[in-house]
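Dear colleague,

Please find below the structure that I am handing over to you, together with its sequence. My findings follow directly after it.

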Amino acid sequence: MKIKATVIDPVGLQRTITRLAHEILEKNRGAKNLVLIGIRTRGEFLAKRLKEKISEIENIDLPFGALDATLYRDDFRTRLKQPEISVTDIKFDISEKDIILIDDVLYTGRTVRAALDALMDLGRPNSIQLCVLVDRGHRQLPIKADYVGKNIPTSINEEIKVKLKEVDEEDAVYLVDNS
Amino acid sequence: MSLSTKHLLGLQNLPREDIELILDTATTFREILDRPIKKVPTLTGTTVVNLFFENSTRTRISFELAQKRLSADTVNFSTASSSTKKGETFKDTVRNIEAMKIDIIVVRHQSAGVPTFLTRISNASIINAGDGFHEHPTQALLDFYSMKEKLGNIEGKKVCIVGDIAHSRVALSNIYGLLSLGAKVSVCGPPTMLPRSIENLGVKVYYDINSAIKENDILNVLRIQLERDAGNAIPSLREYHKYFGITKERLDKYNKDILILHPGPINRGVELTSEVADGEYQIILDQVTNGVAVRMAVLYLLGTLPS
Amino acid sequence: MDVLIKNIHLINPEQNLDTVTDLLIENGVIKRIGKIENINNVETLEFSNAYCVPGFFDMHVHFREPGYEQAETLLTGANSAAEGGFTGVAVMPNTSLAIDNGDLVNSVLAKTKSHLVDVLPIGAVTVGRKGEHLAPMAEMAEEGAVAFSDDGTAVKTAKLLRYALEYSGMLNKIIIEHCEDESLAGGAMNEGKISTELGLPPVPAIAEELTIARDIVVAEYTNSPIHIAHISTKKSVELVRHAKEKGLKITAEATPHHFTLTENALKSYDTNYKMNPPLRTEEDKLAIIAGLKDGTIDVIASDHAPHAVEDKEVEFTFAPNGIIGLETELGLTLTELYHKKILTLEEIIYKLSVNPRKILRLPLPRIEIGEKANLTIFDADKLWTVDKNKFKSKSRNTPFDKKLLTGKALAVINNNQLHIID
């Protein structure tokens, strides 16, 4: 693994979170019916930061949960390693809510597809909007993010590594070379 | 993390990490059981056969529900097997079923060692749902899950298995697994119901139920298998109950903090009084619920192993 | 059959014979012993490093005819014996029908009379081996039964055993006992630490020992010889040793599997380790070896028990007991007892050739001019790997497949026939 470039630095990450929070509030005309659900692992921490930011801006405490979509994945048979699974922790009813689904990187779209299926099994939300920190392209499914922190066109041999203090001891987004 | 094995034959030689992985994974599935839609698509396209050569409605239903909740295709094959009945051999039966492209076989059989035998004649993943008086690993795993759920940790806990140890498949799996998880394990029952050299497995032996209650954190109380050889091993059920039965009086008197497990079905008035079976010490129905989650975990971990 | 065997090591401890020389057999009879030049039109055999001894005899085999011919017939069993280096066997009567009358005894002999291997029937002690009435032992003896046994089980009651011993004594025939107490029998393996681990229904060692003790007491009372089949426990060896010390006419045999394997092998749940008596502990195995060494155990016998694949490859507790043994017996004996310096070659010849015939009161083959040639030729050092698919037995139920053994039979000669082993 070779780091090619730092795409977002710690200060930039803060700014991006702030902008995303504003966009979400602007598009939904406030935060009234919103709930935030992060896809484990890093989407969960991004969601938590957005929740705090929105609370700062609107002075409202949004319901927040973590979703593990592993069991809904379509690639069990093709992978070399068995994925780890963790618990979905959503302590509220999602029915009739406007869900902001949050993940770190949008790539093929398959994780989001799995997350959408998982959410549908939990109830019938009013809407689901997708928020990602980085969109690196190469979609394999017709999925498009509503809120994008940064569009970073990549080649197949490259990878986006999102680092968050909660799990990685630093805040940063790197472009790395896997070839 | 993956299991180190393709089959779940027993807990005797299963590494502690595997046991812990199954128990951790079961937490995920336990959460799913509380959802409005208790089903995930994970094992779509995976075919599981429940090969039951011995009646066991509960275990079969638990496995079947676990399979359905993982969206596996499930087929049941139940038959009473016997050595005298001529006709298709066990081997032919298995080969025929496997020829229909089966991924996982869940097997229950009255003859110990049948799951091991299956690994030699089949390419499927084998899950032992109880073989003879040998092992019943998923039952023990759900016992452990329930113990952990209640007490947080198993390491260092004192667990006593009470009853007909010699004619039990649950006892051995409990002993192997609990020892592996760091518990202190004992057995309690009349000597005629304890297999020879049981101490060699590293367990303490009680003949006095009151001491067993007093000195342990958990009692796992086994069913007295009336249909098996127990008839000759004890004078009467009445006498068994008098000297080994778990009563509320005994628990109140000797250990108010004890936890009672029972694999079911209960002979009320024999190994447990109704008061205990329905009372505050027991977690018998939690065990049943957890059984589905634990079996989902096992099916998930074996069913999604990269080939 | 005429054959000249060159440069062969002749051994017969009964004759104090131990010499390397040539041997000429004409028409099945030993014609000359000594330095012999090649003779026109006589086949010449020359083995390097081979012994020639009085033909081996296995006094405990099951050939399944009549009744279970899919597992073994008298012919395939006899072929298996020849391939293993045996010129004689005694077949147990627990076929279906049980060999319990003169006609059946006669039919076993009639079907095998032209074979190289002497196949000698043992008659049942009781009618149908049911343990109710004595079978017609005098009639069977007259037709050629060499001994009596209810093998598969012990003679059911002490009273019947007493009668059997007394009655067979009149006929100068012995009783061979499969010692197992009925009320304790029925398990699938030896009771102990391993049976507890494996959850298999156990049978305790005392099931065997109790019946041996009973048999010794009854045989002492009737002053009869009695032969204890396949002894397998330490205590059994002690009981027999003690009886011998008292001067009782007790003899005993052990199988190669009981001096080679222990119950640990059961951990694989492979039914080829399921036999009766079951494989026991290491301590028992060592006691069997000690008993062979000090003479407590007189005979090595295979308890050759063929089972068809479809009968043996089943669930462990449903599988029948027993393994085939004729074609691995000599190799295991030499590997485990001779090469490990437990027994000398002479002692092995006693246990595989002399003693079984003595116990059954059969004539002893001699390597002497004018005697009928009844010989086994073997290489005590030949390394070979067991391949069950090459067995002449009709069955394949052996736990010794792929095992490397040292020592193999090369040829057998008997009844004016020569068989060279592959």
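Predicted model: local features only at pLDDT ≥ 70, side-chain atom pairs only at ≥ 80, totals over all residues.

**How the chains meet**

The contact between these two chains takes 23 residues from chain B and 16 residues from chain C. On the chain C side, helix α5 (residues 193–198) of chain C gives the largest share, with 4 residues. By class, the side of chain C that touches chain B holds 6 charged, 6 nonpolar and 4 polar residues.

Chain B also touches chain A: 16 residues of chain B are in contact with 17 residues of chain A. The side of chain A that touches chain B consists of 7 nonpolar, 6 charged and 4 polar residues. Chains A and C, by contrast, are joined by no contact, and their closest C-alpha atoms lie 29 Å apart.

**Chain B as a whole**

Chain B contains 9 strands and 12 helices. Its C-alpha trace spans about 55 × 45 × 35 Å along the principal axes. The radius of gyration of chain B is 19 Å, and this agrees with a compact globule, because a globule of 307 residues would have a value near 19 Å. Of the 307 residues of chain B, 51% count as buried. Considering contacts in chain B between residues at least 6 apart in sequence, 75% join residues at least 24 apart.

**The two domains of chain B**

The domain assignment divides chain B into domain 1 (16–136 + 288–303) and domain 2 (137–287). The C-alpha centres of domain 1 of chain B and domain 2 of chain B are 25 Å apart. Their contact involves 22 residues from domain 1 of chain B and 26 residues from domain 2 of chain B.

On the side of domain 1 of chain B that touches domain 2 of chain B, at least two residues each come from α1 (16–32), β4 (125–131) and α12 (284–303) of chain B. The largest share of that side is supplied by α12(B), with 7 residues. By class, this side of domain 1 of chain B has 9 nonpolar, 8 polar and 5 charged residues.

**Strand β8 of chain B**

Which strands pair with β8(B) in the parallel sense? One of them is strand β5 (residues 158–162) of chain B, which pairs with β8(B) over 4 bridges. Here Val162(B) has Val221(B) in β8(B) as its bridge partner. Another is strand β9 (residues 259–261) of chain B, whose parallel pairing with β8(B) runs over 3 bridges. In this second pairing, Leu219(B) stands opposite Ile260(B) in β9(B).

In a regular strand, side chains alternate between the two faces of the sheet. In strand β8 (residues 218–221) of chain B, Ile218(B) and Asn220(B) point one way, while Leu219(B) and Val221(B) point the other way. These four residues are all buried.

**A sheet in chain A**

In chain A, an open sheet of 3 strands has the order β1-β8-β7, with antiparallel pairing. Its edge strands are β1 (2–8) and β7 (158–163) of chain A, each of which pairs on one side only. Direction ignored, neighbouring strands of this sheet are turned by 30° against each other on average. β1(A) and strand β8 (residues 172–177) of chain A run antiparallel and are joined by 5 bridges. Ile8(A) stands opposite Val173(A) in β8(A).

**A buried residue in chain C**

Is Leu405(C) buried or exposed? Leu405(C) counts as buried because 20 C-beta neighbours lie inside 10 Å, and 20 or more is the cut-off for a buried residue. Leu405(C) belongs to strand β17 (residues 404–414) of chain C. Leaving aside residues up to four places away in sequence, Leu405(C) touches Gly331(C), Leu332(C), Thr335(C), Trp384(C) and Val386(C). Between Leu405(C) and Cys179(C) there are 226 residues of separation in sequence and 30 Å in space, C-alpha to C-alpha.

With kind regards

Methods:
Residues numbered from 1 in each chain as written. Chains lettered and ligands numbered in written order. Contact = placed C-beta atoms within 7 Å. Nonpolar A, V, L, I, M, F, W, Y, C, P; charged D, E, K, R; others polar. Pairing = 2+ DSSP bridges. Axes fitted to C-alpha atoms, helices over the stretch in contact; angles between N-to-C directions. Rg over C-alpha atoms; globule rule 2.2 N^0.38 Å. Buried ≥ 20, exposed ≤ 12 C-beta atoms within 10 Å, placed from the backbone. Domains from an automatic or database assignment.
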